[in-house]
Structures are given as C-alpha cells and as structure tokens.
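Here are a few notes from my pass through the model you sent over. Have a look at it first, then read on.

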Amino acid sequence: MFKIRLRTLLSPLLITALPLLMATPLQAGEEEWQQTLQQAEGQTVYFNAWGGSPEINAYLLWAGQELKRQYKVTLVQVKVDDIAQSVSQLLANKQAGKTDKGPIDLLWVNGENFKALKEQGLLGAPFSPSLPNMALVDRRLPVTEDFTVPVDGLEAPWGIGQLNLMVNGDEVGTPPTSAAALLDWARAHPGRFTYPKPPQFHGSSFLKQILLELTADPAPLYREATDAEFARLSAPLWTWLDALHPALWRKGRLFPTSAAETKQLLDDNELAMAISFNPGEAQSSVQNGTLPPTVRAVAMSKGALTNSHFLAIPFNASARAGAMVAANFLLSPAAQARKADPAFWGDPSVLDPARLGAAPSANVGPQLRFKAVAEPHPSWQLRLEAAWAERYGR
C-alpha cells in the first residue's frame, strides 16, 4: 500500500526527470575530472618520498614515464630520508606566508607526520574523493584512518605495510614469532640481530610491535597517551630491551641508521634477521639477488603491526592538478599490480580484486599477507622515541 501511495505522489514529469537528477553528480564529477586532466598537462609534480630503496626508486621512475606518456605530467621524485623534514619545510613555508607556488606537490606520508600536517593546516582541501580510482579501493583495509586519525579526504591510500622479520632459514631453523621467543633467540645467538636506531621509521615501528606484544589490554594504545598510562604500559618494553641489548649486534652499543643498512648486514651474513615493513620485500630481494635464496618473511603470531601508506597534497602545492593525476595513476589497477609484483617492489595493493573484473591488470596480489594489528595512536610513537633516546641514545 505504501509503494502505491508513494507512486501516486510522483508526477509523470518528476518520474521522467529522476534519471537525469540521479546522473547529474556523476556527470559533474566526470566533467570536473576532465578539467583536472586538462589543467595537469605540462605540469611538473615534485613528489617527496622516501628514497632508501632501489626497488621503490625504480618503480617511481617507471610511474613517471607512464605519467609523462599518458597524461603529459612530469613526476620528479625528491628523495628524503625522513618525511618529517618535508613537514618542517611546509611549516616554515606557512609561517613565512608562502601560500602558493610551494616546493612540494605530493607527499608519501602517514602516522605522526600526517597528524602534524593535519593539525597545523599544512594540507590543501580534501582531494581523494575526487579521484576516480578511489572507487576501486578495498574499504576493509585501514584506509579511512591513519594511526587512528581520520583521513577526511586529505590522503589517498596507495599501499599496505606490515612489520616482519626477514629471516635467513639456514641459520634460524625455528623463527621467533613472539617477543619472548625473539629475546630467547637473540640471547642464544649473540650479535646476530639488531634493529635500526629510532626515530628511524623501522626502528620506531619495532618498538611499537614489541609494545603491542607485551601489552595484555591494548585499548589505551589507541587513544592519546597520558603520562600515567605511558609509564605503566611502556615499563615492560624497557625491561625487555634492557635484557635484549647486550645480545644485539655490536652489543647494542651501536645501532644501524637505516633499514637498508640492516638488510645489507643480513646479505653480508653479519646478521641472521633484519626488520622490514614490506611483507613482500624478502621475496622481492631474493628474486633480484640482493638477499640469499634462504631468506623468508616471518611475522609475530599475535599479529604484524600494519598500516596503510598514503599520498597527500600540501596547502601550497604548485601543481595540485598534476598531483591529483599522479595520485590517481598510482591507484590504477596497472600501477597497483606492478607495485605488488615482487619482481618490481612487492608492496601490497589497496585495491579490491572484486571491483576489478577480469582485466589482466586485476591481478594485484594479496592485500594482507599476515594477521594484522593496527597502529597505536601517534602520541605513543612520539613518546616511545623520546624515552628510547633518553635511555639508549648516544
């Protein structure tokens, strides 16, 4: 009865107009994107991204070639050791009143750096809802929040990271998959394990992984850290590290400055295990000959620290349209499939295979390789890094 009454309320004119009304937002979105494509032609996009991986650098070189060929957009990778340097540069721009023609058009960012960018107003207007390829993203992945901070359209996801150990099976018969087992193994094999020095990304991530391992109730880790909660929940971590450090490479008196250094030490057989945040890195490195064929990836059985990495556009980008086109291309099935291929990078895709159909580029690989544990609130990382430096920094 309700349906019949509702239909009688709709005039023939309105019924005829409904399809047009429903199509208008999509058509408007398509027209807006076409305008973006036109504006992007001839633009140069300066992309500040971590430059510590030859595989990633080669992938971005390929992406730049494709952007130039398909969209007449030039992509220039500005290689940085820590994206926090770029955040500081943008903050200085804002304080100096440089509101346009900025030096950075696109950022590879997440976590506490995104939180700082968002809180300081260093990002432009929301852009990711305007990207056509966002419709292909798997919303079951951690793509709407970044370390518990709502993305709000200010970032576009383009990959998934999971903390793992790259383990040489010739030396590690039964890989450790818990904090307790890792401590036992390190003590039984002194000098064969270490981690990068925080606040280097992989070193800080290792601290968070062990903190999660040692915390029975992780709920407080997902809200702003208080002095009392930090002191209480981090105490087991410091006890664990105090026991671990004498068994580390160089007896914990010296720490590698990067993940690339620990990977090289693994390849040189100075270490039996190295930390990675890419679940496909071990396989990719074996394939390209930068690690021995006996190396494989292992994660903590409780769950691997997992996050999405994102692309963001600064408030004063010189080539905003070009940056949007670049971000949309990096989200394309072809670009995501190549990125997920261990022969090139091995970084998991953020696309939903069910949305891709049967196209050859639909083979984007598994999004998550290991059981996932979400990133804590960014405040925990900042406190962990400061406390680590006070206790062990030299």
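Is the crossing of α6 and α8 left-handed or right-handed? Keep in mind that this is a predicted model.

1. The crossing of these two helices, α6 and α8, is left-handed. Helix α6 covers residues 179–188 and helix α8 residues 227–244, and they pack at an angle of about 20 degrees with their axes 10 Å apart. With angles under 35 degrees counted as roughly parallel, α6 and α8 therefore fall into that class.

2. On the α6 side, the contact is made by Ala179, Ala180, Leu182, Leu183, Ala186 and Arg187, which meet Trp240, Ala243 and Leu244 of α8. Sorted by class, that contact of α6 with α8 has 8 nonpolar residues, 1 charged and no polar ones.

3. On to the charges: the structure holds 12 salt bridges. One of them pairs Glu66 with Arg69, with 2.6 Å between the closest N and O atoms. Both sit in helix α3 (residues 54–71), 3 residues apart, so about one helical turn separates them. Glu66 is buried at 15% relative accessible area, while Arg69 is exposed at 60%.

4. Lys263 and Glu281 also form a salt bridge, their closest N and O atoms being 3.5 Å apart. Lys263 belongs to helix α9 (residues 259–267) and Glu281 to helix α10 (residues 281–288), so this pair ties together parts 18 residues apart in sequence. Lys263 is buried, at 12% relative accessible area.

5. Take a look at Lys339 and Asp347 too, whose side chains meet in a salt bridge at 2.7 Å, N to O. Lys339 is buried at 0% relative accessibility, and Asp347 is buried at 2%.

6. Finally, salt bridges link Asp138, Arg140, Asp352 and Arg355 in a network.

How values were computed
Residues are numbered from 1 along each chain as its sequence is written. This is a predicted model: local features need pLDDT of at least 70, side-chain atom pairs count only at pLDDT 80 or more; totals for chains, interfaces and linings use all residues. Side-chain values use heavy atoms; hydrogens and water are left out. Axes are lines fitted to C-alpha atoms, for helices over the stretch in contact, and angles run from 0 to 180 degrees between N-to-C directions. Helices (H or I, at least four residues) and strands (E, at least two) are DSSP runs, numbered from the N terminus. Angles under 35 degrees count as roughly parallel, over 145 as roughly antiparallel, 65 to 115 as roughly perpendicular and the rest as oblique. A crossing is left-handed if the near helix is turned anticlockwise from the far one by less than a right angle, and right-handed if clockwise. Contact means heavy atoms within 4.5 Å. Ala, Val, Leu, Ile, Met, Phe, Trp, Tyr, Cys and Pro count as nonpolar, Asp, Glu, Lys and Arg as charged, and the others, Gly among them, as polar. A salt bridge is a side-chain nitrogen of Lys or Arg within 4 Å of a carboxyl oxygen of Asp or Glu. Buried means under 20% relative accessible area, exposed over 50%, partly exposed in between (1.4 Å probe, protein chains only).
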